[in-house]
Protein chains: 2
Amino acid sequence: MTARVLVPWAEMAIPAELTAAVWDGNGTPPDDLDDVEFYVLPYDQGAEPVNLIPRLPSLRAVQTLTAGYDNLLPLLPPGVQLANGRGLHDLSVAEHTLALILAAQRFLPRWFAQQRTGTWDRAHTKSLADSRVLIVGYGSIGRAIERYLAAGEAEVVRVASTARPGIHGIAELPTLLPTADIVILVLPDTPATRGLLGAPELALLPDAALVVNVGRGTAINLTALTAEVSSGRLRTALDVTDPEPLPPDHPLWPLDGAIITPHVAGGSDSFYPRAKRLAEQQLTRFAKGEPLENLVNLVN
Amino acid sequence: MTARVLVPWAEMAIPAELTAAVWDGNGTPPDDLDDVEFYVLPYDQGAEPVNLIPRLPSLRAVQTLTAGYDNLLPLLPPGVQLANGRGLHDLSVAEHTLALILAAQRFLPRWFAQQRTGTWDRAHTKSLADSRVLIVGYGSIGRAIERYLAAGEAEVVRVASTARPGIHGIAELPTLLPTADIVILVLPDTPATRGLLGAPELALLPDAALVVNVGRGTAINLTALTAEVSSGRLRTALDVTDPEPLPPDHPLWPLDGAIITPHVAGGSDSFYPRAKRLAEQQLTRFAKGEPLENLVNLVN
């Protein structure tokens with residue numbers, strides 16, 4: 001079998017059965033794309049890569065490197081397979097989640113403040129080890145977080161929308177929150193998740209509990225959380241907020257018990273090697289005539 | 001068998017065969033210690049717990065919760081077994097090591113600085129995933145660090161004083177350093193480790209490599225490291241320095257590429273549960289007449 005594939009990286013393992021053209025999404029696409037059957041979209045290059053889709057008459061499959069794909073559905077011809085990039089950011093988000101938790105437990109804000117004044121003043125810190133950690137919204141990111149927590153000898157309690165073996169349902173949150181040292185939210189923004197942690201739920205957490213959010217800001221009532229952190233009763237480490245960006249004068253920014261990062265959990269160097277690996281695996285499957293992974297169910 | 005044991009915590013699982021007295025190292029020890037056969041020394045309570053040893057005429061075994069024990073050797077009667085607390089701080093040190101690495105890779109100093117001014121300014125960060133990490137001084141702490149790094153999909157290269165299967169010898173460092181994204185030093189202070197990373201060795205590291213030290217500060221020539229970080233070529237995250245404390249006017253403190261914590265890796269809440277667990281396991285062995293773990297070879 002000979003086919004043409006269009007890929008975003010020149011440095012890539014291409015199966016011998018395939019010939020590849022390269023376009024990284026910048027400038028003009030290559031000429032002569034009439035026989036391109038498999039198209040790996042460049043990542044984060046705006047609308048141009050998507051607009052190329054209707055100009056590929058031999059197209060049989062499209063691979064995105066994002067989890068979302070709504071933007072290209074209007075341009076996808078009937079019968080063309082679509083595979084998405086779900087999971088490619090999981091490890092990056094898990095890594096940032098651990099960075100937030102360890103920063104809070106091991107007092108990094110205190111040490112960084114001391115560093116600014118050249119102060120060497122020691123103190124005993126909290127630890128992640130032995131902490132009871134609720135992962136609320138347990139899915140592929142949660143599993144990546146869990147591997148880290150297991151290495152750190154923390155106790156993991158899994159919570160998802162509905163209970164299944166080994167995983168608590170979200171309805172059990174009122175009985176789980178009072179037992180948690182750390183709560184990690186990894187939830188999408190849906191009507192069911194909005195305001196999940198409001199004042200009544202936060203009040204159920206034990207003193208000094210750490211509230212972490214790496215999903216969507218809307219899951220937490222930020223006014224209620226700010227009140228609990230301001231009083232010194234709870235601590236928080238947030239990569240997402242509601243509203244977002246967090247306004248410069250928001251009272252959460254300067255609080256001792258708050259760590260805030262500007263929605264950067266998914267955007268790290270861990271993405272590209274995983275994106276390239278997925279693309280290479282999909283090209284191999286395509287060359288062998290095997291079904292693609294991460295196929296999106298399309299109702300054309 | 002009935003015996004008396006002296007332990008530092010009232011809340012402890014004591015085997016049924018034993019009866020326990022409790023002393024946490026504060027105030028006067030209990031009266032009537034004539035039949036104490038097993039003594040678990042209170043942790044970090046100065047010289048008093050050690051000075052009690054000669055006042056226990058039935059003593060057969062002493063358990064310390066520290067790795068070091070030189071201070072009590074002069075007071076230990078001949079024939080009394082000594083077990084130490086090696087390993088109890090391993091996870092705490094590993095956890096802090098990960099905190100340092102993730103802080104550097106995920107740009108926490110930048111986000112914390114932005115937090116001080118209420119600034120929400122996003123950027124793509126480095127990652128731990130896929131990094132090639134040298135653990136120099138691979139032992140029980142290194143194994144605990146490695147479990148974290150495996151969860152984070154980093155590549156681990158083990159280095160110890162002498163090569164053995166799966167572990168490089170320290171003599172190979174000149175060929176290993178040029179391949180490292182991150183170097184973690186977990187070394188004691190010995191003549192062989194002093195100045196291990198000086199200007200020539202640091203020059204072998206690739207640009208932007210991260211130098212982490214959680215062992216003893218003397219392993220790094222701090223003047224040479226400061227020059228490399230000051231020029232922006234290398235980054236560092238140190239929990240130990242030479243000299244220590246780091247003087248307030250040391251030029252490393254204010255550098256962008258430097259993270260400094262004041263020798264706090266071992267001192268976290270993860271210690272006490274592990275110390276208590278070790279003590280409970282040793283009491284069980286003692287009650288059953290089994291050999292103790294962590295026995296120190298004594299030449300009395």
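**Exercise 1. Which residues of H2(A) and H2(B) meet in this predicted model, and how do the two helices cross?**

Solution. Begin with the residues themselves: on the side of H2(A) they are A:Glu95, A:Leu98, A:Ala99, A:Leu102 and A:Ala103, and they meet B:Glu95, B:Leu98, B:Ala99, B:Leu102 and B:Ala103 in H2(B). Sorted by class, the contact of H2(A) with H2(B) holds eight nonpolar residues, two charged residues and no polar ones.

Turn next to the geometry. The axes of helix H2 (residues 90-105) of chain A and helix H2 (residues 90-105) of chain B come within 9 Å and cross at roughly 120°. As for handedness, H2(A) passes H2(B) in a left-handed crossing.

**Exercise 2. Describe the side of chain B that touches chain A, by extent, by element and by class.**

Solution. In extent, 49 residues of chain B are in contact with 49 residues of chain A. The elements of chain B that give two or more residues to this side are H2, helix H3 (108-116) and H4, and the largest share, eight residues, comes from H2(B). By class, the side of chain B that touches chain A has 23 nonpolar, 16 polar and 10 charged residues.

**Exercise 3. In what order do the seven strands of the open sheet of chain B lie, and which strands stand at the edges?**

Solution. The order is S8-S7-S6-S9-S10-S11-S12, and the pairing is parallel. Strand S8 (168-169) and strand S12 (258-260) of chain B stand at the edges, each with a single partner strand, so one side of each is left without a neighbour in the sheet.

Within the sheet, strand S6 (residues 132-136) of chain B pairs with strand S7 (residues 155-160) of chain B in the parallel sense over five bridges, and B:Ile135 stands opposite B:Arg158 in S7(B). Helix H4 (residues 140-151) of chain B packs on the sheet, where it touches S6, S7 and strand S9 (182-185) of chain B, and the direction of H4 makes about 170° with that of S6(B).

Methods. Residues numbered from 1 in each chain as written. Chains lettered and ligands numbered in written order. Predicted model: local features only at pLDDT ≥ 70, side-chain atom pairs only at ≥ 80, totals over all residues. Axes fitted to C-alpha atoms, helices over the stretch in contact; angles between N-to-C directions. Helix = DSSP H or I, 4+ residues; strand = E, 2+ residues; numbered from the N terminus. Left-handed = near helix turned anticlockwise from the far one by under 90°. Contact = placed C-beta atoms within 7 Å. Nonpolar A, V, L, I, M, F, W, Y, C, P; charged D, E, K, R; others polar. Pairing = 2+ DSSP bridges.
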